[in-house]
Every structure is written in C-alpha cells, then in structure tokens.
Amino acid sequence: MPGRGRPRQFDRTAALRTAMELFWTHGYAGTSVSLLSNAIGITSTSLYAAFGSKEAIFREAVELYNASGTTSPTDNALTAPSARQAVESMLRDNAEAYLHPSTPPGCMVVLSGLNLPPGEERISHHLTECRGEVYDKVLHRLEQGVADGDLPPEADTTTMASYYVTVLHGLSIQARDGCTRATAHAVIDGAMLAWEGLAHGRHDVGDGEHVPRTDQGTA
C-alpha cells in the first residue's frame, strides 16, 4: 500500500533515478526540494514521506549511481593485465562514459559536491569517502603492479595514484564543460607520457633533466 500523501502508483525506483539525474546535472546545492518534487511529480510532503530528507535521497541517489551496471568502468579497467594498461583503460573508459549522450556529462560523485554551502559537511565527507574508494582501488592496482614486477620497486605508487585520480576527476569537469572526445583522449595521451617518470620516482623538467622526487603522500 502506498504511504499517506503519495500517488497511488508511486514508483520509488523511477523517482530515485529522476533524483539521481537532477543531482548529477545540477549538483547537490543546485537541486532544491521543489525541483525534486516537481520533476518526480509529487508534493514535497510526499517526497519527505518517501525518502526522509534531501540528504537521504541524495545518499540513495549516489548508491544508485555507483550500482548502475554490473561493473563500473574503473572496476572493469583495473583488471587489465598490467598496471599501465589498467590505469590507461580506467581513464579512457571513464572518459567515454563521461561523454556518452545518454547520461548527464561527467561523474556525479565528482560534480554533485561542487559549490557546497556551509553546513553541508556531511555531504562533503560522504563524497570524499566515495572518491577515496577510487583512489584506494587505483593504489591497490599499482601496488599489485609492483608485486607482479611490471612496476619497479622504487615506484612512488601513492603519488601515481593521486596523479591519475586527479586526471580522472579533471576529465569529469572537462566533460561538464563540453570538451570533445578528441580533447579528452589527448589529455589522457599527455597523462600517460608521465608514466615512466612517475614509475621511477622522478619527474621531468623542461631541460630534460630527471629530478628525483623526495615528497610523498596524496593530493
């Protein structure tokens, strides 16, 4: 039986998908309760009855976003035979997903937390945790690469994970800004040129000299 105040044929799953696309497109701050209720086709009272609060529906929307499909582009890519193939596939496969015309551009987990107002620390923390899970997966795959011998023992895996996850997040913003597929893949081409230097614990400067890195940690 539908709860009090809800339409007789209220479809909670469809409502949640609508909410997910609104948060994906407009961000958490830009998606008001009135926008949600109007798009779903119920009153704000019914919305609260169905989901509890804007924060609660957002958290469920993030869960739905992360659960879409059998495996995410990142999870699928990180099964590639080598660490380099895994990271490059992660970037390219996500870029394709970010630019696919059937969904809003970019990554919901990256974009929905932009411009959060004061007082939304719980949402910020939740999204930080979600993004941290991606970092952990990339770091684990790089460490596996060291163990497998396709990355050298001196590889700075924490910096490599931070760098490539930063590129991944940047691609999401580029997609939101309307970049072309060619531009996205050109960015990835450039990012992969840094692989050898990062893998050997150094970075290249303008005159070609290799300078060892002494700083560790994540971005």
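A polar contact is a pair of N or O atoms within 3.5 Å. The legends below refer to a predicted model.

**View 1. Start of helix H1, at Asp11 and Thr13.** A side-chain oxygen of Asp11 lies within 3.2 Å of the backbone nitrogen of Thr13, at the start of H1.

**View 2. The bend of helix H1 at Trp24.** Helix H1 comprises residues 12–30, and its end C-alpha atoms span only 22 Å, whereas a straight helix of 19 residues would span 27 Å at 1.5 Å a residue. At Trp24 the helix H1 bends by about 80°.

**View 3. Buried residues of helix H1 and the helices they pack against.** The buried residues of H1 are Ala15, Leu16, Ala19, Met20, Leu22, Phe23, Trp24, Gly27 and Tyr28. Their packing partners are helix H2 (33–40), helix H3 (44–51), H4, helix H7 (108–111), helix H8 (121–148) and helix H9 (157–176).

View 4. Because its relative accessible area is 1%, under the 20% limit, Ile57 counts as buried. Leaving aside neighbours within four places in sequence, Ile57 contacts Leu16, Ala19, Phe23, Leu36, Ile40, Leu47 and Phe51. Of these contacts, Phe23 is 34 residues from Ile57 along the chain, with a C-alpha separation of 9.9 Å.

**View 5. The segment of residues 32–51.** An unreviewed UniProt entry lists residues 32–51 as "DNA-binding region". Over this segment the chain is 80% helix and 0% strand, and the C-alpha atoms at its ends are 14 Å apart.

Notes: Residues numbered from 1 in each chain as written. Predicted model: local features only at pLDDT ≥ 70, side-chain atom pairs only at ≥ 80, totals over all residues. Heavy atoms only, no water. UniProt positions renumbered as here; feature names shortened; annotations may be inferred. Helix = DSSP H or I, 4+ residues; strand = E, 2+ residues; numbered from the N terminus. Buried < 20%, exposed > 50% of the residue type's maximum accessible area, 1.4 Å probe, protein only. Contact = heavy atoms within 4.5 Å. Expected span 1.5 Å × (residues − 1). Bend = angle between axes of the 7 residues up to and from the residue. Polar contact = N/O pair within 3.5 Å; in protein donor to acceptor, adjacent residues only side chain to side chain.
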